[in-house]
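Hi,

Here is the structure I promised to pass on. Have a look at it first, and my notes follow below.

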Amino acid sequence: MNKLLSKTLFAAIGLALSSTVAMADKTELTVSSWLPMTHHINAGILQPYAERVSEATDGRVTLNFLSKALGAPAEHFELARKGMADITWGNFTYEPKRFAVFTLFELPLLSSSSEVSSVAAWNTFDKYMRGTLKSLDGVEILGMMQLDPGQINMRDKAVLSPDDLKGKKVRAGGPVQTALLDAAGAVSISAPQSKSYELLSTGVVDGTFSNTEALGGFKLFEVLKYQTEIKGGAYNGSFYIAMNKKKFDQLSQEDREAIIKISGVELSRAAGQDWDHSSSVGKKEAAANGMSFVEPAPELLALIDKVKQQEQAVWMESAKAAGIENPQEVMDFFFAEIERLEKEKN
């Protein structure tokens with residue numbers, strides 16, 4: 001074999017080996033999302049996050065969004081925990097018993113800014129809950145996101161006072177919402193947000209607890225006439241963005257550190273900002289299509305505050321059962337974070 005041929009052969013082998021190593025270093029993470037890719041959670045939060053992951057890891061880690069969700073909304077935490085999908089997202093209240101400790105972030109009368117409540121929720125989780133909750137075993141929580149404050153939305157008659165809710169059938173998506181309906185003498189119909197349109201259009205319910213973004217995101221303005229606007233929310237909703245823990249640990253230390261840097265508080269803040277923007281868009285679209293936005297009477301606000309106090313006591317017991325030794329300190333920290341972040345924002 002002549003020297004030229006030998007050099008060419010060794011160069012080719014070296015190139016092939018380096019290409020193989022490069023391919024082996026690349027990781028594609030599957031993402032299961034239970035809403036259309038056009039929904040803002042995908043288009044405005046998860047897809048931009050996927051781009052940041054790719055940039056942060058110099059293309060070594062990419063996210064692949066599956067064309068169809070691998071399960072129902074309430075099944076998505078398990079999908080991530082079992083590794084059926086690498087990354088998922090969902091609402092903690094879809095499994096209220098398992099994730100009762102997260103009801104703290106669902107209380108009413110918090111902040112009118114999703115950005116503020118999302119960052120406050122993440123900071124509280126990061127300081128007091130990360131690594132201590134058995135319910136999160138098997139996953140790496142990448143970020144928290146709070147939906148824009150949940151409101152009371154009705155099909156035919158506006159709710160101004162508690163009496164306006166008495167006897168009405170209202171869709172609810174969590175224990176805090178159900179507690180408020182029970183206190184007002186209403187009938188709670190448990191169902192995910194994605195079922196609101198169907199339940200309203202067929203007359204199964206008279207109204208729904210929904211955030212303002214959902215008026216546009218789920219086209220609820222087509223089947224609703226009134227929203228009662230509660231500053232800080234009649235309830236709030238807490239969501240996780242989770243990754244299979246084994247898959248996360250299999251990444252190189254460099255890539256794990258790069259992903260951690262753009263996740264956590266940064267991902268939670270970006271998600272909250274997108275929720276705030278989408279809420280504004282949803283309200284404009286709903287108003288343009290004839291929905292009315294009304295102010296609550298003092299009696300309704302007083303009832304919501306009473307329910308908040310009751311649910312705080314319920315949460316204290318849930319926190320203790322989950323292994324949190326100082327629930328009062330955790331709750332005080334969360335409320336103080338909301339106050340601090342609102343001052344910074346304003």
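Helices α2 and α10 make a right-handed crossing (the near helix is turned clockwise from the far one by less than a right angle). The axes of α2 (residues 40-56) and α10 (residues 264-288) come within 10 Å and cross at roughly 150°, so the two helices are roughly antiparallel (over 145 degrees). Axes here are lines fitted to C-alpha atoms, for helices over the stretch in contact, with angles from 0 to 180 degrees between N-to-C directions. Helices (H or I, at least four residues) and strands (E, at least two) are DSSP runs, numbered from the N terminus.

Please keep in mind that this is a predicted model: local features need pLDDT of at least 70, side-chain atom pairs pLDDT 80 or more, while totals for chains, interfaces and linings use all residues. Residues are numbered from 1 along each chain as its sequence is written, and side-chain values use heavy atoms, without hydrogens and water.

On the α2 side, His40, Ile41, Gly44, Ile45, Tyr49 and Arg52 are in contact (heavy atoms within 4.5 Å) with Leu267, Ala270, Ala271, Asp274, Trp275 and Ser278 of α10.

There is also an open sheet with mixed pairing, its five strands ordered β2-β1-β3-β10-β4; strands pair if DSSP finds at least two bridges between them. Strand β1 (residues 27-32) runs parallel to β2, joined to it by five bridges, and Thr30 has Asn64 in β2 as its bridge partner.

Best wishes

Note on methods
Angles under 35 degrees count as roughly parallel, over 145 as roughly antiparallel, 65 to 115 as roughly perpendicular and the rest as oblique.
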